[in-house]
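The structure comes up first, and my look-ups follow.

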Amino acid sequence: MTFSNIFSTTTLANGVKMPWFGLGVYKIQEGDNMLSLLHHAMELGYRSFDTASLYQNEAGLGKAIQTSIIPREELFITSKVWNTDQGYEETLAAFDASMERLGLEYLDLYLIHWPVPHQYKNTWRALEKLYSEQRVRAIGVSNFHIHHLQDVMRDSNLKPMVNQVEYHPKLTQVELRSFCKQENIQLEAWSPLMRGRLQNNPTLNQIAQNHNKTIAQVILRWDLQNEVITIPKTSHELRLKENADIYDFVLTDKEMEIIQALNENQRTGKDPDNFQF
Ligand SMILES: NC(=O)c1ccc[n+]([C@@H]2O[C@H](COP(=O)([O-])OP(=O)(O)OC[C@H]3O[C@@H](n4cnc5c(N)ncnc54)[C@H](OP(=O)(O)O)[C@@H]3O)[C@@H](O)[C@H]2O)c1
């Protein structure tokens, strides 16, 4: 696997290329700051942007895309169907509403945000329809445990191409990662920086010093070397640059193991099996 620069991509099960690295835009509010932040990100080489109807900033992302000099086909845009919109017809309508806000003709990746019980399989059928109509280039899920993936795969034509889950050194998702690898489902990390809570971790700090890098850079490099797509969020231009500056060093096998050993199965978000949908 090569991660030579910010433009490096992985190939999903259907052949579509998706950047290993991107920007998550949760909690980035629409407005002038969002526009200039996203344009700055694009200038730095960011091509992948992760939003969701829940984030209430699809229109802001759409505006940044429409006013950017980067051609649409060079960008990779992800959105997600929210829990209260799940079900077959509801998902089709939610997709139309997201596309209207984004102002796009097609989406690159559409995800089921959470596995809402008794609904997510109907939602998946809607995603399959959108995919067959070429309105979206790839479809996937988010916050799915192995049993949710198995359930969807049992009676569907298409496997999810991506599973986006909480993933960081305190939640290394060993079984899920290996299951996804075996099934050719690309794992993607949300809250890769554990929302800033690893900034004072002494083990990560030591590894960062070994390479003259920051803790954030070490974690994001660890994602890449584990073949996990990563989408750190920041509202600061300097951190946009810092987070993307992870292509000039390599963590040793020993360092990878040390980071892996920090796992405590600790979540910042909800466990998908214990969510008040
Ligand atoms: N599918 C899902 O259910 C789900 C759930 C959560 C998130 N997501 C996606 O994943 C993306 C990332 O997750 P996240 O936003 O929850 O958390 P995150 O990326 O782990 O962390 C973001 C936090 O870390 C700070 N930060 C960023 N870069 C930093 C750096 N270099 N040094 C120190 N602090 C830094 C940010 O602060 P500043 O902004 O002030 O820099 C922000 O407070 C989201 O934006 C969203 O797209 C998906």
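Entry 1. The axes of H2 and H3 (residues 88-102) cross at roughly 45 degrees and come within 7 Å. Axes here are lines fitted to C-alpha atoms, for helices over the stretch in contact, and angles run from 0 to 180 degrees between N-to-C directions. Helices are DSSP runs (H or I, at least four residues), numbered from the N terminus.

I then listed the contact (heavy atoms within 4.5 Å). Glu58, Ala59, Leu61, Gly62 and Gln66 of H2 meet Ser98, Arg101 and Leu102 of H3. By class, the H2 and H3 contact holds 3 nonpolar, 3 polar and 2 charged residues. Ala, Val, Leu, Ile, Met, Phe, Trp, Tyr, Cys and Pro count as nonpolar, Asp, Glu, Lys and Arg as charged, and the others, Gly among them, as polar.

Entry 2. I noted the basis of the values: the model is predicted, local features need pLDDT of at least 70, side-chain atom pairs count only at pLDDT 80 or more, and totals for chains, interfaces and linings use all residues. Residues are numbered from 1 along each chain as its sequence is written, and side-chain values use heavy atoms, with hydrogens and water left out.

Entry 3. I turned to H1 (residues 32-44) and H2 (residues 58-66), which pack at about 50 degrees with axes 9 Å apart. That angle makes H1 oblique to H2. On the H1 side I recorded Met34, Leu35, Leu38, His39 and Met42; on the H2 side, Gly60, Leu61, Lys63, Ala64 and Ile65. This contact of H1 with H2 has 7 nonpolar, 2 polar and 1 charged residues.

Entry 4. I checked H7 (residues 202-211) against H10 (residues 253-260): the angle is about 160 degrees and the axes are 10 Å apart. H7 is therefore roughly antiparallel to H10. Thr203, Leu204, Ile207, Asn210 and His211 of H7 meet Glu255, Ile258 and Ile259 of H10.

Entry 5. A polar backbone atom of Met194 lies 3.3 Å from an oxygen atom of the ligand. A side-chain N or O atom of Asn243 is 2.8 Å from a nitrogen atom of the ligand.

Terms used. Helix = DSSP H or I, 4+ residues; strand = E, 2+ residues; numbered from the N terminus. Parallel < 35°, antiparallel > 145°, perpendicular 65-115°, else oblique. Polar contact = N/O pair within 3.5 Å; in protein donor to acceptor, adjacent residues only side chain to side chain.
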